[in-house]
Amino acid sequence: YRIMATRILFLLFILIVIGVDVSGQKFNAGLTLGICTSQVDGDNLDGFHKAGIHVGGFVNRNISEKFSLQFEIAYIQKGSRLPLSKDGVFYLMRLNYIEVPLLLNYKITKKWNVEIGGTVATLISSKEEDESGEILNAPPFHRLDYLGCAGVSYGLTDHLFFNVRFSYSIVTIRPGNQPYDYFYIPEGQYNKALTFSLAYEF
C-alpha cells in the first residue's frame, strides 16, 4: 500500500509540475495542506478527538461561469481517540488513507465557493491500542472506504484558499456483528471527518 501511495502522489506531483494542459483544455492545479479532526461512528465514543494531517494536490477545470470539476489525491490520517481518563482508560485508532475525491464546485461570489462530491479512499495502514498496548484481536478494516463529502472555500488571495470539508462513510469501514465488543457496536463503524486546509492554486 505504501508503494502504491507513493506512486500516486509522485504522479500527481509530475502532473502539477508540467503545467497540466491536456489536449488544449486548460486545467488549474495546486497543493493542499491542513489538519483532519475525526471520529468513528460505531465505537461508542463521542467527539472529534483524533487529529491528523491532510496533504495532497488537485486539478480542476471550469465547466461554466459558476461551476467547475475538481479531482484530488491526498494522504489523510483518520481514526478515533479516547484521551487517558482518571481511571487509566485509553483508546486510540489510527487509520491512514490515500483519498481520491471528485468534486463539483459552485462559485457563489468571487471569494466564496461550495463543493459536493464523493471520495474513494484506500487504507494503507491501521492500528488500534489501549492502555495495555496494541490491540491484536480486532476485526480487520475494509481496504476501501466510500464517502460522501461537502465543503466550503474562501479565497484569501487570488491563489490561496481556506477550505473546510465534512466527509462521512457511505458503507462500513469494517463489518458489523463481529464477536468483538471493545468500543464496537453491531451495526458496524463509519468514518466521520472534518478537514481544515489551505489550498494554493498555481
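**Charged side chains and their partners**

Tutor: Lysine 192 counts as buried, at 18% relative accessibility; buried means under 20% relative accessible area, exposed over 50% and partly exposed in between (1.4 Å probe, protein chains only). This is a predicted model, where local features need pLDDT of at least 70 and side-chain atom pairs count only at pLDDT 80 or more, while totals for chains, interfaces and linings use all residues. Residues are numbered from 1 along each chain as its sequence is written, and side-chain values use heavy atoms, with hydrogens and water left out.

Student: With which residue does lysine 192 form a salt bridge?
Tutor: A salt bridge is a side-chain nitrogen of Lys or Arg within 4 Å of a carboxyl oxygen of Asp or Glu. Here the partner is aspartate 41, with the closest N and O atoms 3.4 Å apart. Lysine 192 sits in strand β11 and aspartate 41 in strand β3, so the pair ties together parts 151 residues apart in sequence. Strands (E, at least two residues) are DSSP runs, numbered from the N terminus.

Student: How many salt bridges are there in the whole structure?
Tutor: A search finds 6. One of them joins arginine 165 and glutamate 72 at 2.9 Å, N to O, and both residues are buried.

Student: What about aspartate 43, which has no salt bridge: which side chain of opposite charge is nearest?
Tutor: Lys and Arg count as positive, Asp and Glu as negative; His and the chain ends are not counted. For buried aspartate 43, the nearest is arginine 174, 7.9 Å away.

Terms used:
Helices (H or I, at least four residues) and strands (E, at least two) are DSSP runs, numbered from the N terminus.
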